[in-house]
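This report walks through selected features of one protein model, beginning with a sheet and ending with individual side chains. Please keep the sequence and the coordinates at hand while reading.

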Amino acid sequence: MAVSISRLHAALVMQANELTAPELLDQPQTLAQQLLYQSRIDPNSAALAGPATVRLRELAGRSGGVMLRTRWSTSMLRQRIRPNRGKIAGLHVSADGAVVLFSGEDMTLYRWRADSDTARPERLGTLRHHIPAVSGTDTADRAVTGDHEGKVHLWQLTPSGAAPELVWQHDGYVRAVDMSADGTTAVSGGDDGMVMVWRVGQEPLTFGTANDGGVRAVALAPDGTFVVSSQGRGQIHCWNLADGGGHRQLAAEPDEAFTAVAITADGSAVIAVSRGGGVHRWELAADEPVGPGRILGRHGLPLWAVALSADGGRIVAGATDGQVLAWDPAETDGRANVLGVHDRSVTALAADRAGNVISGGRDGLLLRYTISGETTDGAAPRHNFEVWTVRCTPDGSGAMTAGRDGVYRWDLRVTGTPPDPVRISDAPVKKFAILPDGSGFVGLTHDNRLLLHTLNPSDGTAFLVNPGGHRNQFNDLAVLPDGRAVLTAGEDGSIRRWSLLPGESREPETVGFHDSGRVRAVAVSPDGTFAVSTDDYRRLLRWSLDAVPDTLTLRHIETPDSRPRPIRCLALTRDFVVVGDDAGTVRRFDVTGFGGSVLLGRHRVNEKVRALAVGGDGGWVTSIADDGELVCWAMDGSGPVTRLVPAALPRTVTTGTDRVLIGDRNGGLTLLDVVPGIGPAARSSGVTAAPAGASRFPAPPEGVQPAPIGTGGLTIVVDQLWTYNHPRKSEFDFDTMRTHLSGGQPCAAVITCPVLPGLQGLRRALHRLGWIVVDVTQDRNGQVRGILEVVEDALRHGRVMLVTGAAEVHEALRGAPDGLTIVDDLTDYLETVRRERPPRGTPAPPPAPRIPMSTRPDSPARPPIPWPSRPAVVVEPVAPTSPERLVVAEALLVRAFAELPNATPTASALKAKMRQLDPGFREQELGFARFRDLLVALPHRVRIAGQSGMDITLALVEAPDPETEDPDPMTESPDPVDQAPHPVVEAPDSAAAGADGPVGES
């Protein structure tokens, strides 16, 4: 099908704002992708599909990048102006609809011409404060604005470029303004409770008092004889301008707050909308008592704006849920027609005399509707249900969406046109996960139920996973890869595991707790061995899902300023955790907790990242945010791979085999194919799935070849804070330091670096030199803990040289095993550098890849490092104790169990009780480096019962009956204590335990 020049020109104008965004200029596929997308939602642009597809294939063959090809979409076609200036605050349209004046959040007045060849708005001028109100003449050649400084300005827009004139000033914010069609009269209302009227050549008139409350809205009669204002709590006043200020009160409804008012074209009636969602009408000719008037209709949510069609046949209102609604003024309690939907709340409305309505919203969009009887031009959605979550089925043949109206299944094998969705469940599901075998799904409803539902629409069987309910709300869920259980993230900070197998107990198993409050998101690794969760304080915790659970704090992510920017979503691969936060950033972390973070990209600043999904075998990740963009980021941190700007604000996203699915806030679903023959593998990402037992260090910089490190290899670990405080720090050169300390031999070089904005330059320089930068917290206790974790991990694989002179680190490492060398005097290095400093640019020995925090499931197990787990006073270990002393310790342990009120106390509580009963008790004096080692020596008296927060709980094993035969030690199963995970170092000021902290701390 041929494409006319005029059709192509019209399509380009509609996409002008998306195509000229700075971040899209370096991506040649942008134009073809956007035009193909438009052809799927606009029947008038359908002819563009063929040429756009061909162009995408050509570019894929040349660039080898990721291309997104829109197969179909159910999103709405909207005549939109996208000024990208934040929310639309004030709005005015000329009588012929050719000119639109509007203000945004940037204190600027804009003009957009509908008859121009560009969709870019024209900047008219900027004030000192936010402009919430705009009005103008029929020709839009003159306008009046009110701002948050209380000033009312008059703008002469023909010719353009004239500075605005200050007309008068209120004593508070100006909330509303209105201007007559000829521009001779203007009215304003402010928080000072005053209504001020300005006429050409006259002094302003003032009405009202502060006792009436702030003015929310004003409207000037078409003939200029009276003004209507909404004030305070539910008051509507009519001020007569003809007789010098006569006054009439129309409404006094304390339970209603009227947010906007309008006057009919003949001046016979007043229309108002309210926070309660009501549409009210008062007849001015009738002698009606003060009251709510006639209620024409009601919406379930607050209404913020109102406009009347030119013929008076429709009352149009904008709601907080983004809907633009129209009522028939002849009806009472009538039902509204939906003209269109914004991505966020509607803030302003205006109508012209040609039958068009313009709406502005908090989403920064201006939408235009042509009212024609019961419908509007191209505005109605194709489906009347919402999309809150979307997921692909395991076999890739279908997809499922969930929302307020239930769960639907979509057949993705349909090509060309969107398939008809089939309802699976009518339960209002906010989040769900499909079972790995594709037989059903687990849904999380708004009333906190977990439903296990079949995918067979004719069956409709739903099984309640939590029949007893749960007192705290669930925020997220994730199904384990084997389909046997589901994890929930709770408002109370809990991570719980619920069995999905028939016949098993429906009581949940507690995996662990976030002690800081609610858990926002949880995800399970592809192999099901661990999960990662995040909370309001930007902490990432890794939870073991093995028989003996443990936890590891991956990262407490700092922000450059004091504003909290919670992590809202996360995605998990075998090796990486990808997070999106409320600051608009997308970051990658290693699941081991090493290596710091890699910034994959950033959406518009402070635009929340709503959803993430990993695609391309882990080579890229796609994200959606409140800036309205879908972006695919390279997993190696090299930046965006490609972008797409959908017609409506994306709400959820998922990936399948060579495809991406987007669900938007207006109920639309869009299927994007990754063009065959290209994809993330074509990019040199440097990030691949590591084979079992391999290192998960980030790839070294280009040109630096890592040397494999095995048993006996050397790892240099540097305490950055200590080097910063060194008196001769200005002479340090990390390049030559590594060469000197390693003797010129290949080694791995690691530096622990606090998460501070001022150290970004150092981090980049170290990365270029091949150093591995490990993030640690800003407090010194956390830094010591991070250093110990790095050293412990590296010692499992070879020798370690730790560069630090910090006393607290030396104290914590007292009694460490062979293989660790601590360098606290760099005088020899500094003198050598001074005598034989090599020229700048001399290549350093290649770094070795980093060692994973824990061994892979198929790697040989290594014994834990037997040093104290907290920097505290340590008694030198002695020879193993005699059986007699061990019997005394056993008796003390039994006595402590007897005196504790709980039959399953935590390890720290048990240890504290033993010390209370015998102040001289020290496990080190018995020959055990840690309290856990003492428990391992008493398997016949103590066992692990479970977990409580970050600690484990213990239970007493009753002494066997002497008349009962002892079990065969060769066939007895290993005690759970032997399987307990090695603890991670805890901060010195944590719970009142002993020298090595609570057993099982993580």
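## An open sheet

In what order do the four strands of the open sheet stand, and is the pairing parallel or antiparallel? The order is β19-β20-β21-β22, with antiparallel pairing, where strands (DSSP runs of E, at least two residues, numbered from the N terminus) are taken to pair if DSSP finds at least two bridges between them. Because β19 (258-263) and β22 (294-298) stand at the edges with a single partner strand each, one side of each is left without a neighbour in the sheet. The twist averages 20° from one strand to the next, with axes being lines fitted to C-alpha atoms and angles running from 0 to 180 degrees between N-to-C directions.

Strand β21 (residues 278-283) is joined to β22 by four bridges, and these two strands run antiparallel; within this pairing, V279 has G297 of β22 as its bridge partner.

## Basis of the model

The model is predicted, so that local features need pLDDT of at least 70 and side-chain atom pairs count only at pLDDT 80 or more, whereas totals for chains, interfaces and linings use all residues. Residues are numbered from 1 along each chain as its sequence is written, and side-chain values use heavy atoms, with hydrogens and water left out.

## Aromatic pairs

The structure holds eight aromatic pairs, defined for rings of Phe, Tyr and Trp (its six-membered ring) whose centres lie within 6.5 Å, with planes under 30 degrees apart counted as stacked, over 60 as edge-to-face and the rest as tilted. One of them is edge-to-face, because the rings of F432 and F441 have their planes at 75°, with centres 5.9 Å apart.

Since F732 lies in the loop between α5 (720-724) and α6 (734-742) while Y829 belongs to helix α10 (residues 827-836), the pair ties together parts that are 97 residues apart in sequence; helices here are DSSP runs of H or I of at least four residues. Both F732 and Y829 are buried.

## A buried arginine

R538, found in the loop between β44 (530-535) and β45 (539-544), is buried, with a relative accessible area of 6%. Its side chain is joined to that of D581 by a polar contact of 3.3 Å, meaning a pair of N or O atoms within 3.5 Å in which, within protein, one must be able to donate a hydrogen and the other to accept it, and residues adjacent in sequence count only if both atoms are side-chain atoms.

Notes. Buried means under 20% relative accessible area, exposed over 50%, partly exposed in between (1.4 Å probe, protein chains only).
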